[in-house]
There are 2 protein chains.
Amino acid sequence: METITIGLLGLGTVGKGVVTLLQKQAAKIARTQDFRFKLKSVAVHNRTRHQNDDLPAGTILTEKVTDVVDDPEIQIVIEAMGTIEPAKVAICQAILNGKSIISANKDLLATAGEEILRLAKTAKVDFFYEASVAGGIPILRVLSSSLETDKISQITGIINGTANYVLTAMDREDRDYATALKNAQELGYAEADPTNDVQGIDATYKLIILSRFAFGQSLRLADIPRRGITKISPAQLASAKQFKMKIKLLAVAKEAGHQLYSLVGPAAIPAAEPLAHVNGVQNAIAVQSDALGETTYTGPGAGAAPTANSILSDLLATGDDIVKGDCGREFNNYRKPAAAQSLTTVPQRYLITVEEDRSLTNSNYPDLFQQQTVGPHYWSGLTSVISRDTLEKLLHTLEKNGAKVSYLPIANSWQPVPQE
Amino acid sequence: METITIGLLGLGTVGKGVVTLLQKQAAKIARTQDFRFKLKSVAVHNRTRHQNDDLPAGTILTEKVTDVVDDPEIQIVIEAMGTIEPAKVAICQAILNGKSIISANKDLLATAGEEILRLAKTAKVDFFYEASVAGGIPILRVLSSSLETDKISQITGIINGTANYVLTAMDREDRDYATALKNAQELGYAEADPTNDVQGIDATYKLIILSRFAFGQSLRLADIPRRGITKISPAQLASAKQFKMKIKLLAVAKEAGHQLYSLVGPAAIPAAEPLAHVNGVQNAIAVQSDALGETTYTGPGAGAAPTANSILSDLLATGDDIVKGDCGREFNNYRKPAAAQSLTTVPQRYLITVEEDRSLTNSNYPDLFQQQTVGPHYWSGLTSVISRDTLEKLLHTLEKNGAKVSYLPIANSWQPVPQE
């Protein structure tokens, strides 16, 4: 039985999870594969902080990344550092040294991905990154194998567990944003600096990666209009509830006539849709495709064990290729020219919430609203499909009265016009 | 670019779906693969009935299965005949002739699967069958790749669309079983002879295949206790609703202490569980595993296009292996000795419904019932965890009064005791 030698960069939550799961599943891997893995060395920032970590006997703990990426014995490097810059240099050097790469680094893959993936292809090494999107949901492998023969028209994801946790807590416990965030931070579900999560940046990175697999198009960060959840008010959640909807931070990419319309931001989801029931730190991705219709994949979006499992599934795929001398196949080989459009500017329906002014009634805008309701401190209405222009005029008029006016798109009410 | 020649057995719903999708996705396949497919010949029972079918120009239509399985030019045979006997002979002959096989034939795979799969391994040909379980959900590939590194403890599936359609219609439209079934037959969701679907035989075949992938154990049909949905009454659905539960035909396999406990039959599912919201012909599979916790996969369980898509994903995997000269790897290579146990005999909770006798009240069985309710024509109660013995004594006592008594297990209340 062949032994495949691996090196690990980083021993934080994800790195430790990989070490644990690798030891735990060694027997099952030996039973089903014709190779075994040996973890040779782990590079960390500060060795003394990891002296008591539970590593397999004989594992080398080093502070030099080059001890891993330049070691001729190491065949696979698992990058679990998580930042863009030192990770990028380390990965490139490992690739140039002929090592296959496994990474969960969505920031790096979304921003510098195409460039590094080209390098890996040229060097004929494997580069897998299942854990970079929706930690424990095997969505990238599903898209690149089972859905490869289908034509995908839309991907809709709840792919940031922190944002979904905060919104779920606001909804269930009737809290405002600041209180719910503070609570999430205390419980470890939000970081001290939650910017990337609550502003939708993390979800945007993941949508960029998903869109490459689903549509073959590589979007840039600036291509995707983005709104965060920091301004969502209890009145908005209450008005959504009046219309039997839930507010979630969605990442959406929808192809129509070769154009790829996208957005990341909070949206109101009707209760009949499966994504409305995805709560807390759970992630879910709904895929609309020609042959399958809608398939939905639900599971944990983060956490040491789920992320480690995705990394281990990448490890098995790489190990298999190494044994067969067949490295260099791309994780995703679907590519088309990118044609980015904004999903925020197409005609759609909106949930409008007006606070601090209860003088408005049904009769004011009979043509625009399909339903309206008045709550204790707000008035809210559900528009028909209207243009962005009409929305802006409406908001402007409503604001004239000194009211606090907010709007949310209704999920799947988007009407992009194919431009063929 | 290499051309891979394929032959097709059967041109019913599934066969036609494959031909259509293959033509539709030819451009995408050419873009992402370094090979193309050519459909050379199709074997049908009666040629004249398929004269007007839309086949690619030059495709041979034959009534002789041997024209396909003995043709030296054909590299992959897609079996879409659907019955056990002639399909088995045809597949074995094709394997012996060195052809790779793709099949959606769950009956064959569940009953004679291990034997044919061994033959394929010996002959070093591929044998994939993603479409055999939950048509459009890529569950087998997920289990054999992404979940291969995890330890699965339970699989719970709604994997028969007909039964789920009938139960959903009974629940939503307040119909009895016979009316709901008749309606499903008229709409094409149930066959003229619905036995395999409504008696849980189809779901049992699928559970046998799922259990091989998830637990490495190959159960026999007789190992799995089975109940159908034919006796489910409107009163049972109404009493489930009283306790905020839904009745679904479940297929469950749960590993505890190396024993594999299983059942196929109707169960009451609390509304908080994702499977309670899977309606109509939709299928869903919930997987409990060590690293991931719960992941759920939802999608179409049948239909020409979803089934064809699963067959095409198998085709791509086989094509890839042929181009690389690497056929013969097994779809599932996880095997352990089977240790079958019944999940119906372990302690669990039950929903008891009593019709035609409303004399029973709370006070009769204060220790056994956690909650009780009285409906217009029935009385129902939710037991605590009780043994099978206690259940049977209870049913016996209740029946003494001349009442019609029925019971349903509560999903995930099963308490198998590990026997290590």
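Predicted model: local features only at pLDDT ≥ 70, side-chain atom pairs only at ≥ 80, totals over all residues.
Local features need pLDDT of at least 70 and side-chain atom pairs count only at pLDDT 80 or more, while totals for chains, interfaces and linings use all residues. Residues are numbered from 1 along each chain as its sequence is written, and chains are lettered from A in the order in which they are written.

Chains A and B meet through 36 residues from chain B and 36 residues from chain A. Contact requires C-beta atoms, placed from the backbone, within 7 Å. On the chain B side, helix 2, helix 6, strand 11 and helix 12 each give two or more residues. Helices (H or I, at least four residues) and strands (E, at least two) are DSSP runs, numbered from the N terminus. Strand 11 (residues 293-300) of chain A pairs with strand 11 of chain B. The sense is antiparallel, over three bridges; pairing needs at least two DSSP bridges. A:Tyr297 has B:Tyr297 as its bridge partner.

Chain A is assigned domain 1 (2-125), domain 2 (152-300 + 338-342) and domain 3 (350-409). These bounds come from an automatic or database domain assignment. The C-alpha centres of domains 2 and 3 of chain A lie 23 Å apart. Each of these two domains gives 13 residues to their contact. On the domain 2 side, helix 11 of chain A supplies the largest share, six residues.

The largest nonpolar core has 268 residues. Such a core joins buried Ala, Val, Leu, Ile, Met, Phe, Trp, Tyr and Cys residues through C-beta atoms within 7 Å. Buried means 20 or more other C-beta atoms within 10 Å of the residue's own, with C-beta atoms placed from the backbone. A:Val166 and B:Val166 touch the most other members.

Technical notes: Buried ≥ 20, exposed ≤ 12 C-beta atoms within 10 Å, placed from the backbone.
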